[in-house]
Amino acid sequence: MNISEVRALAEADMQAVDRLIQRELHSDVALVNQLGAYIINSGGKRMRPVLTVLAARACGYAGNDHIDLAAIVEFIHTATLLHDDVVDASELRRGRETANAIWGNEASVLVGDFLYSRAFQMMVRLDSMRVMRILADTTNRIAEGEVLQLLNCHDPDVDEARYFEVIYSKTAKLFEAAGRLGAVVAGHPAGIEQALAEYGMRLGTAFQLVDDLLDYSASSDEIGKNVGDDLAEGKPTLPLIYAMRHGSAAQASMIRQAIENGDRNQIGVITEAIASTGAVAYTARLARQEADAAIEALRILPESSQKQALIALADYSVSRSH
């Protein structure tokens, strides 16, 4: 099954998710409508809500609450994007100007807050303490991850353990919640719930590893942002960490200085260093291991087209070019 077939399988549910998102975006404040619609409709992959609906269906769920959960997950994710772009002073996302570049930082932060609070309003309507606990814990962990990433910026001494702590908190945790919620809404026992949480966590980790790799191995057109943005923001991602550890003294010094200064002027030479030290292959190999672990976690589920779609989603997370 390829990614197009995955999306076709989830299409009916995702159309319902999109309709709900459009309804819940509505506000009496015009700027909220305008900015919210811009970021929500900016062509994202919708990986997290797709995971939510597929996980629920793979568990045999036949109701409608998974639609609400998928929309809630996407609102939380979108709120983090708005806040991220302000913190990182980003100008491009998904090949378009960021909301903060158009409307300013203040509006972006406040509309991000609106999306967070709307997500919690929707959670309350589901009237499930279990759901609220999972998503409250998740949003808190994401916020911690954002702070950890901020502390790591411009620090070339960040090691793999600190790097993985950030990507678990900042990215993988919401994927984990999306998978777990599919089992929760279907009323499945703890074993299946934990398996889908593990799947989501591994999938999210693989997805972020590839994102960090693409910053040094793809073009701006492919990744929808400026190449070297992570370096310009002083983020010590895994390709840089590995290249510093395994490169020559000159390469390590150059990368250290670039991280400390948030300098992408040497991006060409640094990209060459990342390739020559094996950092690209190493990061890709770890991403593949995470994707394989995600697939292994699904072994507990009965065979279904939705299970095959989840497997294909894991494969896609590491084979994509954007």
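Predicted model: local features only at pLDDT ≥ 70, side-chain atom pairs only at ≥ 80, totals over all residues.
Residues are numbered from 1 along each chain as its sequence is written, and side-chain values use heavy atoms, with hydrogens and water left out.

The protein has 16 helices and two strands; these are DSSP runs numbered from the N terminus, helices being H or I with at least four residues and strands E with at least two. Its radius of gyration is 19 Å, close to the 20 Å of the globule rule for 322 residues, so the protein is as compact as a globular protein of that length. That radius is taken over C-alpha atoms, and the rule is 2.2 Å times the number of residues to the power 0.38. The C-alpha trace spans about 60 × 45 × 30 Å along its principal axes. Of the 322 residues, 55% are buried (buried means under 20% relative accessible area, exposed over 50%, partly exposed in between, with a 1.4 Å probe and protein chains only). Among contacts with a separation of 6 or more, 76% join residues 24 or more positions apart, a contact being heavy atoms within 4.5 Å.

Two packed helices are described by the angle between their axes and the distance between the axes. For helix H3 (residues 47–58) and helix H4 (residues 65–88), the axes come within 8 Å and cross at roughly 155°. Such axes are lines fitted to C-alpha atoms, for helices over the stretch in contact, with angles from 0 to 180 degrees between N-to-C directions. H3 and H4 are therefore roughly antiparallel to each other (angles under 35 degrees count as roughly parallel, over 145 as roughly antiparallel, 65 to 115 as roughly perpendicular and the rest as oblique). On the H3 side, the contact is made by Arg 48, Pro 49, Thr 52, Val 53, Ala 56 and Arg 57; on the H4 side, by His 66, Ile 67, Leu 69, Ala 70, Val 73, Glu 74 and His 77. Seven of the residues in this contact are nonpolar, three polar and three charged (Ala, Val, Leu, Ile, Met, Phe, Trp, Tyr, Cys and Pro count as nonpolar, Asp, Glu, Lys and Arg as charged, and the others, Gly among them, as polar).

Ser 27 sits in the loop between helix H1 (3–24) and helix H2 (30–40). This serine is buried, with a relative accessible area of 12%. Leaving out residues up to four places away in sequence, Ser 27 touches Val 32, Asn 33 and Phe 114.

Met 244, in helix H12 (residues 238–246), is also buried, at 13% relative accessibility. Beyond four places in sequence, Met 244 touches Pro 156, Ala 252, Ile 255, Arg 256 and Ile 259.

Glu 97 belongs to strand E2 (residues 96–97) and is partly exposed at 45% relative accessibility.

Two loop residues have positive phi without being glycine. Asp 127, between helix H6 (105–126) and helix H7 (129–152), has phi near 55° and is exposed at 67% relative accessibility. His 154, between H7 and helix H8 (160–185), has phi near 65° and is partly exposed at 38%.
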